Each structure stands twice: as structure tokens, then as C-alpha cells.
Amino acid sequence: MPPSAPQAGPPLADWLRLPRPEAAPGIWRCGYAQPSPEDPDRTPARQLVSGAVISFLMGWLLWSLLWNGYLGSYWQWPLVALTPDSWRKADGNQTLYIWSSWIYNGGVFIGLAVFFGRIGRWDELARRTWARLTRAKSGTGGFVPDQMASASAQAPTPAPPPHLDPVQWPELRAGGAVEAAERLAEELRAGRMTDVDQARLDRAWQAVRARPQRLEAFVASVLAEGAAACGHPSGARDLPVRAARHDLSLRQVRIGRAADSERNPHEYRGAGVALEPSLLGTSALAVGPPGTGKTSKLARPVVESLCLQALAGQAAVIAVSPAGSHFVPDDSFDLVIRLGHPGSTHDLDLYGGTTDPDEAAGMLAEALVGDLTGALPGGDSRRAATCLAQLIGPFAAVHGRFPSVPELRELLDGAPGALDALRDDLHADGQQGQLRELDAFERQSGRAGDIAALLADRIALLDRPAFADFFHPEGSPKAEGRRPFSLRALEHPLRVRIDLPERGHAEASRILARLILAQFTECAVARADQSLFACLVLDDAAQTVTPQALRGLQRLRSVHAGVLLTLRALDDVPEPLRGPLLGAVGCRMVCAGVTPWDAERFAEVWGTEWVQTRTVTNRQLVSDEPVTRVLHAVRRLATGKHVTAESVTVRTEQRERWSASDLANELQPEHAVLSVTTVRGERTPPILTKLGE
């Protein structure tokens, strides 16, 4: 149980009015305040405190000596010279003399305080202390407070001018939808609107601006339904549970906080770290052993954010994870496909919804033998794709559909009955072109380097009793009443989770993961409408990275799509592909506990930077003069050390931003080092991040 009830966030109106200034990539912008410029000559806090203490002690000692007369009375001469002698006599006006003495002594005291305060830089110490106290109370100064006070305990955010106030929907008013703006503003002030509604309606308005003929229908929908207008096909307006902090106005999700460390750039220190489609569009890779937060503190927040964006009509998400893993609840998705589970209500299209035999064969070949391309002729899966196309094409020409898994296995095994029956059907239909394809397959069968046997062995992993009710193509008699899900639906704001049978069918699970990745890259590129951001989150992507998959990842950046991959270690990727994988993704994260070999790869990718180094050399002082030698001997007896002189050398050199040793040995638990790249090419240096804050 949590220790207490969670604090309520601010009302939607106050939340929309929070400042969101421009910031560097990867910074959580909601409530972000730009830090003061870094001062290269800034005195360290420890040195500043010690200097202030020493100067205070020196000033206090000097004042004590003066006040108690140990240094004589010469410091009282100005007072004696400026006051009449009669004031100091017994029958004189001693009251005035006492007052003048106190004023003079106070002036001397203030002068000493100012003098030693300047030496000890007390003013600088006071400014830093006050800034730290005010920042701790207000939560500003480069970062956002984690929990905002409730609406009753928090002062309302001052409203900006009407033409800049998001609560008044100024864009709708400027576009001629004044009635719709009034209705939405009323819904917002009454508390009947959520951040998902606001993002969805804003997205709908952008579509209206692109097609002005939709304005009348948009206004009518808003006036009739209010905040529920232009809803998601599922009818949902929010997720049942949120485990992360989201800012749908900027489409950001917060995954942690950058450490206030000198290892981080100045503008990132203490700031929140967030991901958004402009960063995920370059694809992301997270590497770390189990329990380091890859799933709970990175993959789950990203999937939640994409599900919320799907409800707002901004994204489509496919989340793939091993069955039984604690990922995102079922209620957050439109479809949950449990491959190999008898209770699954949905199926997966083995051919990606395409009608082109060559395209279907290419995706299926990538799934079956993509991890063995190093041992295949030509070093890729083109031969396997050709072999499959020589069977899938003739079968589709005869039956009007693609073969099921058992039928494809029989054809690959070269069963005489299956091939002869297919040949007779082709002769009967006069499919001479398809007959040539089948003849080419039979000529290659049994020769050295024939890949059909390997394909048959791999497809047999899917021809198991657990998968008997799955992978039925459309048009198959067994597929009646159960339409398989196809990734061609990425043009719609769908939320889909696919559970892989990792425990009982590990090898089949890897084949299916490669199949989904291959279908996603092909379908995302082939979309006619690329306004939606399409993202595939592949939790535990072991043995799914292939040369063809890397080429597909590089194409996603230009089609408004991306992939998030998590790995336990880079050993799950073939050795020749580890470097290209790190080069193909734009966002890289390494978690605490990685091996030195994996850390070395990331250190190499992040490269070096120019830094100034100070080298201090101590050398012993030797003197031939008797007096100096005596003084040196006394000092050595007092301190126990030889008298030395320091020599400081400052030089500029290149050093690794993060060395392999630092990544493997110095990262604390729940910490990670993250670098991001935007689709426009902006890069950030590696940032030390505390995940989950």
C-alpha cells in the first residue's frame, strides 16, 4: 500500500497555463525554468565557506585585540581629536562623549566587518544560500516539482491575455469557430475536460485547418457533445491507470531527472528528462540487465504516452512483450493478442495484410532465417524470400489466398502430393507464369545450398498444437469469424499489445518478434497517411536485430515512425551488427550493471570531447642558506612533511565523455546514461539520469 493518498494535480486550466519555454532536446518543458548561465570562474562552495569562516575569525580576533587594548589606544585617536576635552572631564558632558564613543566604535566595527566581508566574499555566500533556500521552497530553477499542491492549497495561475490564454481556445476563435471555443472553454472551466480531450480536440482542429470544408461538422460535433467530441473509436477518454507523468500538449512523457552533476551539461543539471515523438522518431535502444528499469521506467511510460496520444488521435502503438510480463494493463489497449494462448480473441496475420506474394515472402523470410543471414548464400535473406515467393505466388493464384502454416510446411518439405496437386490446379487454370515459378522451386530442391529445408525446419516451429488456432490467412476456412490483425492498420490510432509465448516456445517467440518488426517497418513506410506517429515498442529484442531490420530502422525517421528496443546485453545481437545497431538508432540508453564489453561500445559511440586538465606537481625545496634551512627544519618538525612548492600545468586535451570503466562500475542503481537525437539531427551529449524521478 502507498504511504498516503497521492496529491491531486492542478486544475486543467492552471496546468495549461504553466510555462513551457523552449529547451534543449530531452528536457521536460512543463514548468521548466532556464538556469542561470554557468560562471567558469565560480568559486566552489566548500572553498567559499572556508574563506568566509577564516575571514570572520580573523576579523573577530582583530576586533577583540582592539577592544581589550592589547594593541594600544592609537585607534581611538580620531575620536579624541574630534571631541572636546571638556566631554572627557569628570564635570563635563560625559553623556555626549559616551554616545560619540559608541558611534565611533560602531563605525570601526562596521568598517572591519565590511573589510573582512569583502575578503571572505560573504555577500556571494549569502546569495547562494538564499537562492538554494528559495529554490527548494518553490521548486523552480531548472526543474519541475514532482508533486504539485492541490487546487485548494495552491494559488491559481495568473491568466494571460485572452489571445494567448489556452483556456479560451484562441486558435478556434481566430479560425471562425467562436461558438465551439465558447463551449469548450465552458467545459474546461467546469472540470468536464481532461488533458486527453484537450489534445484530441486540438488535433481535430489541426485537421480542420488542413481541410476547411470540415469546419461546419467540427463545430456541430463540439456543440452537441462538448469535450467528448471527435472521440476515439473505442469511446475511451483516458487510461484506467497512469504510472508516469505526461504532458500531452507537448506529447512528452517524463522518464527521470538529470543528475545535478558536473558530468552533465549545465542546462540539464536537475532538469526532468522526457521523451517525445520527435526523439522516438529516430528509434531508441536501451541496454541493461534485468531489474534496472528498462521495462518499468522506460518502456511502460513510453507505451502509456503513446496510448494517450492514440486516444487523442495522434499516434498508433504496437507493444510487444513476453507473455506474463508486468507491462501495461489490458484495459489500456484496443486489442490484446496472446499468441499461443487458447483464450486469445484475436489472431495475427502472418503475411502483414499484403496481397503481393513477393512482399509477403520477403517479410516471412526475414522472420524465419533473418538471424542466420551470416551463414546463408549471399549473406542475406533474398534467396529465402525468392524460395518462399515461388511457392506463395502459385498457391495464391490458385486458391485466392496465401497458404496456412501447415500448407506452407508441406510445400517446403516437397511433399509430392502437395506439389502435384498445386501443379494440376495451375494447369487447369492456365497459370503458365506461376508454373514456371513452381518449376524453378523444384529444380532448386535437393541441390547443394537449397534453403527450402531450412525454411521447412523453421516454419515447423510455428506448426505446433499451441498455434493450431493462429496464423490463419484471410479466406481460409478455419479463419471464419476471426479476422486476423494486420499491421496495415497503422493508419488508424490503434493501441495493440502482442504477447509472445516466450516460456514454452522461445524459438517461435523470436521468429514472431522478427516477423512483427519486419512487418512494422514495411507497413510504416507504405502508409498513405503518415500524419500519425507510429511506434513499435519491442520489450526484450534479443535475436531480432538483422541486417534487413537495421535498414528498415533507418527508413523510419523520414516516415514519422520509430522503434523502441530493449536488450539485456549486446550479446543478444550478432557481433557484426552491434556497431551498426548503435549507429542506426538516435536515442541510446545504458543502465547500471552493464558489462565492460557493452560499456565499451557505448563509450565508443559517444566519442570524446575537449576538456581542460590541471596537473599539479610538488617538488621538495632545498636551500643552502642556513636561516632558510633552519626554517624548513622547523616547519618539517611541525607538519611532518617536507617543504614543497606546487607547479600547476593547464592544458586542453580530448577525453571520452563516458569511459567504459565509468559506465560499468560507477553507475549507481536506478541510474542510466542517456543520449537523444531529434529527427532534425539535433544531438545531445550523454546525460546521467535518475530513472523514475
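Is Asp334 buried, partly exposed or exposed, and at what relative accessibility? Asp334 counts as partly exposed, because its relative accessibility is 26%. The model is predicted.

**The Arg495–Asp334 pair**

Asp334 has a charged partner. Arg495 forms a salt bridge with Asp334, and the closest N and O atoms are 2.6 Å apart. Arg495 lies in strand S7 (residues 495-500), while Asp334 sits in the loop between strand S5 (315-322) and strand S6 (335-338), so the bridge ties together parts that are 161 residues apart in sequence. The arginine side is buried: Arg495 has 3% relative accessibility. The cut-off for buried is under 20% relative accessible area.

Helix H16 covers residues 432-444 and has 13 residues. From first C-alpha to last, H16 reaches 19 Å, close to the 18 Å expected at 1.5 Å a residue. Its buried residues are Leu435, Leu438, Ala440 and Phe441. What covers these buried residues? The cover includes four helices: H13 (382-399), H14 (405-413), H15 (416-429) and H17 (452-459). After H16 comes Gly446, with a positive phi near 85°.

H15 and H16 are also joined through charged side chains. Arg423 forms a salt bridge with Glu442, with the closest N and O atoms 2.5 Å apart. Arg423 belongs to helix H15 and Glu442 to helix H16, 19 residues apart, and the pair links distant parts of the chain. Arg423 counts as buried because its relative accessibility is 18%. That value falls under the 20% cut-off. Glu442 counts as partly exposed, at 31%.

Side chains of opposite charge can pair when their charged atoms come close. The structure holds 43 salt bridges.

| Salt bridge | N to O distance |
|---|---|
| Arg495 and Asp334 | 2.6 Å |
| Arg423 and Glu442 | 2.5 Å |
| Arg651 and Glu653 | 3.9 Å |

The Arg651 and Glu653 side chains meet at 3.9 Å, N to O. Arg651 counts as partly exposed, because its relative accessibility is 46%.

Which residues are linked in a network of salt bridges? Arg257, Lys297, Glu670, Lys690 and Glu693 are.

How values were computed:
Residues numbered from 1 in each chain as written. Predicted model: local features only at pLDDT ≥ 70, side-chain atom pairs only at ≥ 80, totals over all residues. Heavy atoms only, no water. Helix = DSSP H or I, 4+ residues; strand = E, 2+ residues; numbered from the N terminus. Expected span 1.5 Å × (residues − 1). Buried < 20%, exposed > 50% of the residue type's maximum accessible area, 1.4 Å probe, protein only. Contact = heavy atoms within 4.5 Å. Salt bridge = Lys/Arg side-chain N within 4 Å of Asp/Glu carboxyl O.
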